[in-house]
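Welcome to a quick tour of a protein model and its ligand. Have a look at the sequence and structure below, and then read on.

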Amino acid sequence: MLQVKGLNAGYKELHILFDVNTAIDAGITAFVGPNGSGKSTLLKAIFGLITIYSGRIIYDGMDITRMKPYMKTRMGITYLPQINNVFSNLSVKENLIIAGYTLDKSELNERIQTVLDIFPELEESMGRKAGVMSGGEKQFLAISTALIRKSEVLMLDEPTAHLSSKLAESVSQKIVELRDKLKLRIALVEQNIRSALGISDRANLLLGGKIVFSGNPSELLEQINHQRP
Ligand SMILES: Nc1ncnc2c1ncn2[C@@H]1O[C@H](COP(=O)(O)OP(=O)(O)OP(=O)(O)O)[C@@H](O)[C@H]1O
Ligand SMILES: [Mg+2]
């Protein structure tokens with residue numbers, strides 16, 4: 001389990017997150033909230049990309065608050081930013097090979113097989129440049145690079161943004177598969193509250209850099225529906 005305790009963080013002296021307490025436990029944990037509420041900032045803080053003023057991040061009992069991002073990656077934590085992080089001018093296969101550059105050949109092939117079991121649609125795209133793929137396919141590839149690295153905690157920042165509703169639905173289904181088949185612990189940041197809460201096991205609502213709700217997704221949905229005019 002990854003726990004966040006009393007986290008205060010921001011960009012240099014610009015304080016954005018206030019006393020955030022949350023956890024990324026087994027299953028899918030959703031973080032929802034309006035633009036600018038601090039969702040991406042929270043993922044960046046957990047991954048070690050911004051300034052932490054106080055509070056702690058604990059991963060499987062170990063204090064990783066001050067650990068560098070590359071160390072967190074090695075420990076099995078992956079952060080996929082809002083902007084796609086695939087190498088556009090490399091092929092799908094090359095992207096996967098680079099993600100697994102520390103693995104020996106047989107291990108790499110094994111992991112690529114795991115990826116193809118979840119994303120069979122990538123098989124026929126192996127030779128294509130990542131840059132020419134659709135938004136949904138790029139998301140699949142970005143997630144695949146995390147699978148190659150054998151991530152245990154996957155932090156996804158708006159994986160369905162800018163996708164058609166059909167593609168967004170298929171990305172959501174893949175996220176469910178990652179939870180059910182590979183037992184990944186997933187932090188899911190989404191602006192599309194309904195679709196995120198529909199597949200989540202726990203929900204957090206952020207407003208102004210604070211978590212104002214933490215609990216059952218259906219309870220949060222009910223509250224939101226209730227407040228609708
Ligand atoms: N690199 C940065 N430097 C300074 N301030 C930033 C930076 N990135 C974000 N912020 C500020 O931090 C606050 C939270 O932004 P954040 O990107 O975390 O919001 P968000 O909830 O992810 O919003 P969105 O749904 O639009 O992605 C905003 O006030 C934003 O202006
Ligand atoms: Mg964001």
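Contact here means heavy atoms within 4.5 Å. Helices (H or I, at least four residues) and strands (E, at least two) are DSSP runs, numbered from the N terminus. This is a predicted model, in which local features need pLDDT of at least 70, side-chain atom pairs count only at pLDDT 80 or more, and totals for chains, interfaces and linings use all residues. Residues are numbered from 1 along each chain as its sequence is written, and side-chain values use heavy atoms, with hydrogens and water left out.

**The sheet**
- An open, antiparallel sheet is built from four strands in the order β2-β1-β4-β5, where two strands pair if DSSP finds at least two bridges between them.
- At the edges are β2 (14-24) and β5 (62-63), each pairing on one side only.
- Strand β4 (residues 51-59) is joined to β5 by two bridges, and Y59 stands opposite M62 in β5.

**Around ligand 1**
- Polar contacts (pairs of N or O atoms within 3.5 Å) include a side-chain atom of K39, 2.7 Å from an oxygen atom of ligand 1.
- A polar backbone atom of G36 is 2.8 Å from an oxygen atom of ligand 1.

**A residue in α5**
- S144 is found in helix α5 (residues 135-148).
- S144 is buried (under 20% relative accessible area, with a 1.4 Å probe and protein chains only), at a value of 0%.
- Beyond its neighbours within four places in sequence, S144 is in contact with L96, V115, F119 and L122.

Conventions: Chains lettered and ligands numbered in written order. Buried < 20%, exposed > 50% of the residue type's maximum accessible area, 1.4 Å probe, protein only. Polar contact = N/O pair within 3.5 Å; in protein donor to acceptor, adjacent residues only side chain to side chain.
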